[in-house]
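Trainee: Could we go through this model together, with each term set against its cut-off?

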Amino acid sequence: MTDSLLWEDVNEGDELPVLEYPITVKNLVMGVVGTRDFMPYHHDSAYTQSIGSRDQFVNTMFNQALFGRFVTDWCGPDADFRATTLNMIGQVCPGDTAILEGRVASKRREGDDYLVELELNSRNHLGSACISTATMALPSREGGGVKPRLELAKPQIELDPGFPDFAREWLGKESEPRYGAYPVSEVQIMYWADMVEDSNPLYEDTEYARDSRHAGIIAPPMALITWTMDRPGRSGVNPEAPDVGQPERGPWPPRSGPPTAAARFDPPGATATVATISEQAYGKPLRPGDRVSASTELVNCSGLKQTRLGPGYFTTVLNNYYNQDGELVGTNLFTLLRYTAQEG
C-alpha cells in the first residue's frame, strides 16, 4: 500500500470503499495483545455477561485501529492524522461482522495543511456500533507533501451545565505524568497492525518509512493509550485484585505499597466503567524507543443519568501524552460512563 490520494482529487461527498471485518474470539485475543488492555470486558465472557453486556467486546483502541486502517486504505500512507473522534454506541462481539462506511464531509486549507474531514460509521447486525470522524492532512499538487506536526496544544472544554458540586475539587488538577510499562517498540506496533490487518508501510516497512517524510518507522497515532498501559498482572477492574477469576489474588509483580497509578476521580456509587467517546489530537509522531508518559485531569462531569447499565455519571478526563523529552505528543479527551453495575 504505497499509492496516495492528492487533496485536489478528493471531493465533498466522496464515499470510502466499504470494509467488512468479521470478529472472532481470535480477534479479541489479538486485541488484548495489540493494545495491552487486560480489562476483563474484552476477554472474559462470563464476567462481561454478569454485568449486563451481551458478551466480551472489542475495546476502544481496537475500534480506533480499525477506523485508522479503513481511512489509510482509502487515502494511502502519505496522509497524516491530525485528529480523530470515536463515539461508542453499541458493542461488537465475537460472531459479529463490523461493517465500516464513510464519506468526505468537507475539505479546507489551514496554514500549511490541506485537510479533509471524514465521517465514519461502524455497524453490526444490531445497528450502529460506533461513529467516528477523522481529520486528515493530505498531500497536494500545490502545497507538496504533508508536513509532520511537531507541536500541540491542549483543547479547551466547556463545562456541562449539570456539573456536580462534588466534582469541583478535581476540576483541572493535572496528575503527575505516569510512564507506561514498556517503551514504544516495533513489535508492539506490528501487533497493533496485525489485529486489524493494517498494511500501512509506515508501521512495518523499514525501507519505505526511512524514505518517507517521517524518516523512519512511526507508531499508529491512535495507539496513544497503548503506550501507557500497565503490566498485564496489574491491570483489572480492581488494581488490588486485577484477576476477576481469582479476586483474592494480588497483582504481579507484588506491590510494595499502594498502587502508583494517578488518583482517579470516582463519582459516588460508581462501581464500573464503560468508555463512550474518545477525541484525540496528534502532535509529534512516536517512534520505536520513545518512552511515553501520561497525565490525567478531570475536565467535565454530567449530572446523574439513568442508563441501561445503571445510574451513573458521564465523566470526561483529559489524558496528556508526553515523550521522554517532555513534549506533548497527543491528547485524548475520554468520556466514560461511571455507573453502578446491576447484578444479574
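Trainee: Which residues does threonine 271 touch, not counting residues up to four places away in sequence?

Mentor: Threonine 271 touches Tyr339, Thr340 and Ala341, where contact means heavy atoms within 4.5 Å. This is a predicted model, in which local features need pLDDT of at least 70 and side-chain atom pairs count only at pLDDT 80 or more, while totals for chains, interfaces and linings use all residues. Residues are numbered from 1 along each chain as its sequence is written, and side-chain values use heavy atoms, with hydrogens and water left out.

Trainee: Why is threonine 271 called exposed, and where is its place?

Mentor: Its relative accessibility is 52%, and the rule calls a residue exposed over 50%, buried under 20% and partly exposed in between, with a 1.4 Å probe and protein chains only, so threonine 271 counts as exposed. Threonine 271 is in the loop between α5 (206-211) and β7 (272-282), where helices are DSSP runs of H or I with at least four residues and strands are runs of E with at least two, numbered from the N terminus.

Trainee: What makes threonine 331 count as buried?

Mentor: Threonine 331, in strand β11 (residues 328-339), has 3% relative accessibility, and therefore counts as buried. Leaving aside neighbours within four places in sequence, its contacts include Leu152, Pro155, Leu224 and Tyr321.

Trainee: Why is the pair of tryptophan 7 and tyrosine 114 called edge-to-face?

Mentor: Rings of Phe, Tyr and Trp (its six-membered ring) pair if their centres lie within 6.5 Å, and planes under 30 degrees apart count as stacked, over 60 as edge-to-face and the rest as tilted. Tryptophan 7 and tyrosine 114 are 5.2 Å apart centre to centre with 75° between the planes, which places the pair in the edge-to-face class. Tryptophan 7 lies in the segment before β1 (19-22) and tyrosine 114 in strand β4 (residues 113-124), so the pair ties together parts that are 107 residues apart in sequence.

Trainee: How do you know that the charge of lysine 107 sits over the ring of tryptophan 7?

Mentor: The charged end of lysine 107 is 4.1 Å from the ring centre, and the rule asks for NZ of Lys or CZ of Arg within 6 Å of that centre and within 35 degrees of the ring normal.

Trainee: What makes threonine 24 a cap of α1?

Mentor: A side-chain oxygen of threonine 24 lies 3.2 Å from the backbone nitrogen of lysine 26, at the N-terminal end of α1. A polar contact is a pair of N or O atoms within 3.5 Å; within protein, one must be able to donate a hydrogen and the other to accept it, and residues adjacent in sequence count only if both atoms are side-chain atoms. In helix α1 (residues 25-35), the buried residues include Asn27, Leu28 and Val32, and what covers the buried residues of α1 includes β1, α3 (60-75) and α4 (186-195).

Trainee: Which backbone nitrogen lies 2.8 Å from a polar atom of the side chain of asparagine 59?

Mentor: That nitrogen belongs to phenylalanine 62. Asparagine 59 is in the loop between α2 (45-50) and α3, and with a relative accessible area of 4% asparagine 59 is buried. Not counting residues up to four places away in sequence, asparagine 59 touches Thr35, Asp37 and His42.
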